[in-house]
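Here is my note on the model you sent.

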Amino acid sequence: MASRHLYTYTTKKIKCVDFHPSEPLILLSFFNGTIEIYNHESRKVVKSASVSAKTIRSAKFIARKGWFITIDDAARAKVFDIMTFEKVAEFEAGLDFLRCVTVHNEKPYVIISGDDMYIRIFNWEKNWKCEKSYDSHTYYVMQTELNPKNKDQFASASLDGVCYIWSVNSEQPLMILNPRSKALNTVDYCFDESKPYVAVGGDDFMVRIYDYQTRSPIHRFEEAHLDNVTAVRWHPMNQNILLSTGEDGKVNVYNTSSMQIIKSFHPNMGIGWSISVFDGSNKFAVAFDEGVAFYTLGDEEPIASMSKNKLLLAHGREVKSYDQRGENTLGQWDFDITSLAHNTNGRFTMVSSAQQGKWAVFSTLSWRLRFQGKGTSPVWSGINDSFAFLDRNTVEIHSSKDNTQIISIKVDSVSSLFGGSMLGVYSKRDNTIDFYDWETCELVDSLEAEVLDVLWDGNMLAIRTFDTVFVLALGEEGFEFLEEIVIDCSSFFFVSRCLFMVGNSKVSIWTDQLTLDIHVLDEKVWIMGYVSKDRCLRVINKKGKIIDIPLSFEFLKFATTLEMDLIPSIEDGLRDKLSRHYHLHDEVELAFSLAVSNDFKFRIAKEQQWLERMLEVASKSDLPDVADLCLKKNDVDQAIKCYREANDYSSLLMIASTVGDAALVEECVENLEGAVQTLFGLQYLGRKDDIVNLLNDNQMQVEKRIYERTYPEMTPVQMQVAVEEEVVAPVEEEESIIVEEEPKSVDEEITEELESEVPVKREAEPESTTTVEEEIQEEPEKVELDTDLSEIEFSDDEIPVQEPKKKAD
């Protein structure tokens, strides 16, 4: 398995690193007593704080509580909230330096060990009470680790050179492993159910593997390090992979199936102290004196292949099958499998090991080995039963019937082969891929591209690069370019000339008719194929979990043929996506036919001013828009109908008053809620008493007085009737009527008289430059009257009453 360095976060001296099990966070503890949470995806520090005056040698997440715990050289354990760094608890956890804290995955326990030679279990549900204490070690206890296959067991490594296996239920050791080492610094369990192994590392520079059931040694890597080994860690996903680091600053990757060191890193960052693995990923991190380095074990893509609804998944040397009946173990191979592929009809399956440079062909159903050989990059033909593999600078093509060689091709600087309708031979040095005929081995065409994968569907070819997918068609004169799709694609698959792609957290489809995003992903997946029986696209995540995305065959057929009869059979969600796609590309008729939502249909119809279609799909809230269009098209009757159904009596009142429909105005007045609009309707109808009552009800006294003084006696309706009947009522003289008004005070009478005799003329005044405070301080202007009020005599009995002026009817 190819391992590689990802990046380095350079910082102060780190003693421990721990990945959060579900979030992209790591917890770092420092020699100077600082704690830091770092986001390893954004590569930014989330939060940092100094929580101790002493060295913090170990810190771990308690993820299910939202906490983290630290232990320091002051023998104190402290618990903090992840988000706020607020202290949750603090207690004494030993009598000397504390070396390691381990969090139980299921029980409310933390296991703490240190230089006082004790191991203690604390229960946070009992106010961090010490429930168990183990004292069998005779020197510093450097590390403890839980058994992932039995959560009641844990192991400990001590400088006394002994590894004990313990139970959380008993203070007596279950067994003793004595590797006869000077001192042990680290211990870890293998995750593989079939391998009851522990790995230990110590001051003898070696990494040793033991079977803890038989208490017998399995293997020791004598030249693992050049100095003390400080940390070992088995990988939970790649269970045959073991990691180690030490005081020599190296990072080693071991294959525990072949018992070989397959990769060593020398980051030159000082002493390596701690290793942590990101759950469900190939990523791991190593803490050093000068920072933390991030690595990955090969690609996260699962080793899988699917044919005829049956999926095969390889893990290590084992191959399992998945179908409607469930999971089944098919068998094993002698080597770790790095590639797996069905032939065209699915009868045979080819596996290979890149490390060993070997391949083998099995019958799929019985998993019976047919033949095997040496070579790399084996691929199947897409047109016959042959297959090809690379043997140094020669491409050999063999028959899958008896493994006889059919033909060979001499090549130079070849990196990998690709199968399908034609044999692809890729040179990474030249960034070119040559395509050969399977039967004649003649060169057909060459393309320049940085190729990651090649996929065929008949004469159609898709080439995946780092950020683009190219779609081509093979003709008589070579390849014809069809499409360039910019996408960070991790996998793709052809189904009935529809190309499905996974990238940018989406599943997308390409045909010669459209390119469309059909599904949003919340995790990274790889496409396995289409299951017509279950009407779904089958994908798999990095943990090997199978996920089905509903997808009807009618949708696939419509995407390539655009047959309108298929629309009712397409899922509503996909119909909506198709509709919005075609609307965006101005194919409005097709968009309207595909739309599921009446709201979106109405939006399209409104944009195109399709009145009849708007009426078909309009909701009550849409009817005013329909009525507006009716008015534009001079269909007043339909507009009135729409406004009435929408209860839009404000707009209806405007139409009624314009066309002079008194009955319609009466209807509007009965249904209107706003006082102003109702007043307009009442005025139009000449209902003075109702107007006055409405003004009173709404406490509009000022408006009422104005109306009583200025309202016309003949309303527009009355005038219209008079004109139509050509009758003008004669003006009859009426006797003068003296209206008795309430007596006014002397001052009010004088003020009214003066206002009537001396009108004040106002001229435009220039803008004032004085401030508000200056205006307030200015004295009001005095008005001098020509008449001396003291010389006027009034009688209380003789208060003149003004007669109202008569108005014509």
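**Notes on the model**

1. Thr230 sits in strand 22 (residues 229-234); strands (E, at least two residues) and helices (H or I, at least four) are DSSP runs numbered from the N terminus. This is a predicted model, in which local features need pLDDT of at least 70 and side-chain atom pairs count only at pLDDT 80 or more, while totals for chains, interfaces and linings use all residues. Residues are numbered from 1 along each chain as its sequence is written, and side-chain values use heavy atoms, with hydrogens and water left out.

2. Is Thr230 buried or exposed? Thr230 counts as buried because its relative accessibility is 11%; buried means under 20% relative accessible area, exposed over 50% and partly exposed in between (1.4 Å probe, protein chains only). The Thr230 side chain reaches the backbone oxygen of Gly272 at 2.4 Å. Beyond four places in sequence, the contacts of Thr230 (heavy atoms within 4.5 Å) include Asn185, Thr186, Thr245, Gly246, Glu247 and Trp273.

3. Val51 lies in the loop between strand 5 (44-50) and strand 6 (56-62). With a relative accessibility of 13%, Val51 counts as buried. Setting aside residues up to four places away in sequence, Val51 touches Gly33, Ile35, Ile56, Thr70, Lys78 and Phe80. Val51 and Thr70 are 19 residues apart in sequence, and their C-alpha atoms are 8.8 Å apart in space.

4. The largest nonpolar core has 60 residues, of which Phe500 and Ile509 touch the most other members. Such a core is a set of buried Ala, Val, Leu, Ile, Met, Phe, Trp, Tyr and Cys residues joined through side-chain atoms within 4.5 Å. Residues touched by Ile509, not counting those up to four places away in sequence, include Cys498, Phe500, Leu514, Phe555 and Ala559. A second, separate core of 17 residues includes Ile69, Phe91, Leu98 and Phe122.

5. Aromatic pairs number 32. Rings of Phe, Tyr and Trp (its six-membered ring) pair if their centres lie within 6.5 Å; planes under 30 degrees apart count as stacked, over 60 as edge-to-face and the rest as tilted. Phe91 and Phe122 form a tilted pair, with 4.9 Å centre to centre and 45° between the planes. This pair links distant parts of the chain, as Phe91 is in strand 9 (residues 87-92) and Phe122 is in strand 12 (residues 119-123), 31 residues apart. Both Phe91 and Phe122 are buried. Phe362 and Trp367 form a stacked pair, at 4.3 Å centre to centre and 0° between the planes; Phe362 and Trp367 are both buried.

6. Ring pairs also join Tyr7, Tyr9, Phe19, Tyr38, Phe278 and Phe294 into a cluster.

7. In helix 8 (residues 649-659), the buried residues include Tyr649, Leu652, Leu653, Ile655 and Ala656.

8. What is the average pLDDT of the protein? The average is 84, and 84% of the residues score at least 70; pLDDT is the predictor's confidence in each residue, from 0 to 100. Over residues 725-740 pLDDT stays under 50, and the model has 10 contacts beyond four places in sequence for them. Over residues 757-777 pLDDT also stays under 50, with 3 such contacts. Where pLDDT is low, the predicted coordinates should not be read in detail.

Conventions. A polar contact is a pair of N or O atoms within 3.5 Å; within protein, one must be able to donate a hydrogen and the other to accept it, and residues adjacent in sequence count only if both atoms are side-chain atoms.
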